[in-house]
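This report covers a helix, a helix pair and a chain contact. The structure comes first.

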Amino acid sequence: MTEFLQHLVNGLSVGTIYALIALGYTMVYGVLKLINFAHGDVYMVGAFSGLYLARGLGVDQSPSLFKALLVFFGSIVVCAALGVIIERFAYRPLRHQPRLTALITAIGVSFLLEYGFQLPPVTQGSVPFPPGPTPRFFPEPFPRVDYAPFGVHVSNYDMVSLAVAVGLMFLLQFIVYRTKFGTAMRAVSFDSSVAGLMGINVNRVISWTFALGSGLAAAAALLVAGSRPTINPLMGLMPGIKAFVAAVFGGIGNVPGAMVGGLVLGLAEEYVAGYALSSYRDGIAFAMLILVLLLRPAGLFGRVRAEKV
Amino acid sequence: MKSLRALAMATLALAVVGCQQKKQEASSSGAPAASQAAAPVGDTILFGHVGSMSGNEATFGDSTDKGIKLAVDEQNKKGGIKGKQIVVKTLDDQGKPEEAAVAATRLVTQDHANILLGEVASSRSLAMAPIADSNQVPMISPTSTNPKVTKDGDKTRPYVFRVCFIDPFQGTVMAKFARENLKITDVAILRDVGNDYSVGLADFFAKKFLDLGGKIVSDQSYKAGDQDFKAQLTAIKGKNPQAIYVPGYYTDVALIARQARELGMKQPLMGGDGWDSSKLYEIAQGALDGSYFSNHYTPEDPSPVIQQFVTKYKAAYGAVPDALATLGYDAANVAIDAMQRAKDLSGPSIRDAIEQTKGYKGVSGVITLDSDHNAVKSAVVLGIQKNAAKYAATVNP
C-alpha cells in the first residue's frame, strides 16, 4: 500500500510537469491550429534562464525566498518574451501559408534552440552563454525538507510543485473563461477572421497566448530543475514530446483536457515503470497516443466539430 | 533584392564556418602549449584523440585529454619518437557515438593520424573500432571496458587495443566485494538500457553474484538523460534489497542517489568506473555516502609510480588525476613505447609493436596485452565517505 501511494506521489509530481507544458501546446493549438514543436525547447530555455538568474543573484551561496521568487518570475518573463519573439518572427509571417509550412518552421525553431544552446560559448563566466552540451548543476533555491507520513516520502519541493502547478492551472482557467482577454482568445480560436471583424486585435491575442504558454513552460522547468538538479540543452526534447501526447490525449485545444492528460500520462508512466517493466516507461506515452488516435481521435475532452460545407 | 539575399546567405555560411573553427580551438584548448603547434605531416607524429570534451560525460574526455597531453609533453621533452615531435589533435564527440565515428574518420582520412586514442565510453569506442580496422590505423582505448570493443564477432579486431581490464572482471570484482566484504545477499540492479557498458556490466555482475549465492531481487532499467528515477526506485524499495547496483555514468548515478535518499532509502549504491568524476560529488552532495564503486586505480596508493604521477599531474593541472586521466596517460605511453619499438611508422608496424606490449610499467599497473588485446590488471574498490572516494580494497584477477 505504501508503495502504491509512493507511486501516486511520484506520478503526480511528474504529471503536473507534463500538464503545465501541455497547456502551452494546447493554447497555441487552440488559437492558431499550430502544433508548436519548439515548446519543449522553450521549457529548456526556462531552466537555463533560471540558472543564469540564480547564479547572478548568488542563490547557491545564500538562498532566500525572495531570490527564489525573483528567479521564478524572472525566467517566466524571459520565456514569455521568447515565446512572443518566436511567434512574431517565425510564425506570423507564415500565418496565411499552408499549415504544414508553419509546422515545419516550428521544428526548425526547435532545432535552432537545441543546437544554438550547444554552440561554443561566446561569453565567459561561471556558466558561459551558450552553455554548450555539458549538463549544468542547478542550485537548490530553498532547503529541502522531507516528510514521511505513513512511510510515503514527500518533500516540500513536491508540495510546492503541486501547489504552484494547480494554482497556475486555476489561474489559466480563470483567464480563459472569466476575463476579457480570455473571451477574445476563445473568439480568435473559434474564428480568427470574424473575431478580427468584431474589433479584436488578433495579433495581440496570439502574442499574449504565446507569452502565457511559454511562461507556464518556464514555471514547469523551474519546478523540475529545483528538485532534479541537472539541466542541459536537450532536456526539453522528451518532456516536450510527452506533453504533446498529454495534450492530444486530453483533446488538443482543450485546457482542462491538457491538465487531465498530463496527470494521467504521469501516473500511467509511473505505474507501468513501477509494477511492470521499467524499460517500457517511455513506450507507454506513445502507446497511449496511438490508442487515443485510434479510438477517440478528438481526445478525451475534445469535441469533433462538424465540417461546414 | 536577390543580391541582398545572396549576401545574407554568404554571411550565414561564413558564420557557420567560423563557429566550426572556434569549436576545434575550444576542444583543444586548456592543455600544455607544447603539443599544440600544428606542423605538416611527415615531420611530426600525430596522435588523434577522440573524446567527450562536452556533453553528459564531459569530465571523461577532459581528464583523458589531460593525461594524454601530459605523456606526450614528457616524451617531446625527451626528443620525441625517432627524432620526431608528437602532436595531439583532439576532436570532441559530445558524448555521441555517431559523432565519435565522424571524428575518427576525420582524424584518419584527413589528418592522417598515426594512431587513434579513445574513447572512454564503450558505446563510442564500438563506433570507432571498425574505422580503425578498415583504415589500418591502430586504436588504443584507455578505459572502454566492454569486451565487445576489441571484438568483431568471434575474432579479435586486429587494430583495436585497450589498456584497461574488461567488464567480465569488473563485474566480478563488485560481486565478490558485495558478497565477501559487505556480506550482502539481496541486491537490486538499475541499469542504463541504452548503454553497452552499463548493460554488459550489469549482466556480468548478476552472473557472478548469483554464482556466489546472492539474490537479485529486482532488475530495473532507465535511459541516460532521464530526470526522474523515482518510479524504478520505489519499485526497488518495495523489494527491500541490501544494496543497489547502478553501473551507469556519473550524471545519472548522482541523480539516482539523490532521489533514492529522497525516498528514504538508506541502502548503499554500488557501481563501476563510470562513476569516477568530480561532478559525481558535486551533484550528489553527500547522497552517495556509504556507497562503493570499482575503479582502475586510486590516487591514494602509496606506490612511488602513482605518487610521482599524481605530483606531476597536480603541477600541470592543479587537480588530483582521476582514473580517466591516469589511463589516458598510460594509453599514450603504451603508444609511444610501441612506436619506439616499431620498425617504421606505418599502421601495420605500429600495430605489431603494440600487440607485443609485455610487462609495460604503467601508472595504473603493469600492462601486458593478451590475445584479445585486453590488459590484465587488478582493480580497486573505492568507498564514498563524506562526499569523497576512499580506498577500500584491491581485487586481483
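## Basis

This is a predicted model, in which local features need pLDDT of at least 70, side-chain atom pairs count only at pLDDT 80 or more, and totals for chains, interfaces and linings use all residues. Residues are numbered from 1 along each chain as its sequence is written, and chains are lettered from A and ligands numbered from 1 in the order in which they are written.

## Helix α5 of chain B

Helices are DSSP runs (H or I, at least four residues), numbered from the N terminus.

Buried residues of α5(B) include Phe169(B), Val173(B), Met174(B) and Phe177(B); buried means that 20 or more other C-beta atoms, placed from the backbone, lie within 10 Å of the residue's own. Just after α5(B), Lys183(B) has a positive phi of about 55°.

## Helices α3 and α4 of chain A

α3 (residues 65-91) and α4 (residues 99-116) of chain A pack with axes 11 Å apart, at an angle of about 130°. Axes are lines fitted to C-alpha atoms over the stretch in contact, and angles run from 0 to 180 degrees between N-to-C directions.

Ile86(A), Ala90(A) and Tyr91(A) of α3(A) meet Ala102(A), Thr105(A) and Val109(A) of α4(A); contact requires C-beta atoms, placed from the backbone, within 7 Å.

## Contact between chains

Chain A contributes 28 residues and chain B 29 residues to the contact. On the chain A side, α1(A) gives the most, with five residues.

Conventions: Two residues are in contact if their C-beta atoms, placed from the backbone, lie within 7 Å. Helices (H or I, at least four residues) and strands (E, at least two) are DSSP runs, numbered from the N terminus. A residue is buried if 20 or more other C-beta atoms lie within 10 Å of its own, exposed if 12 or fewer, and partly exposed in between; C-beta atoms are placed from the backbone.
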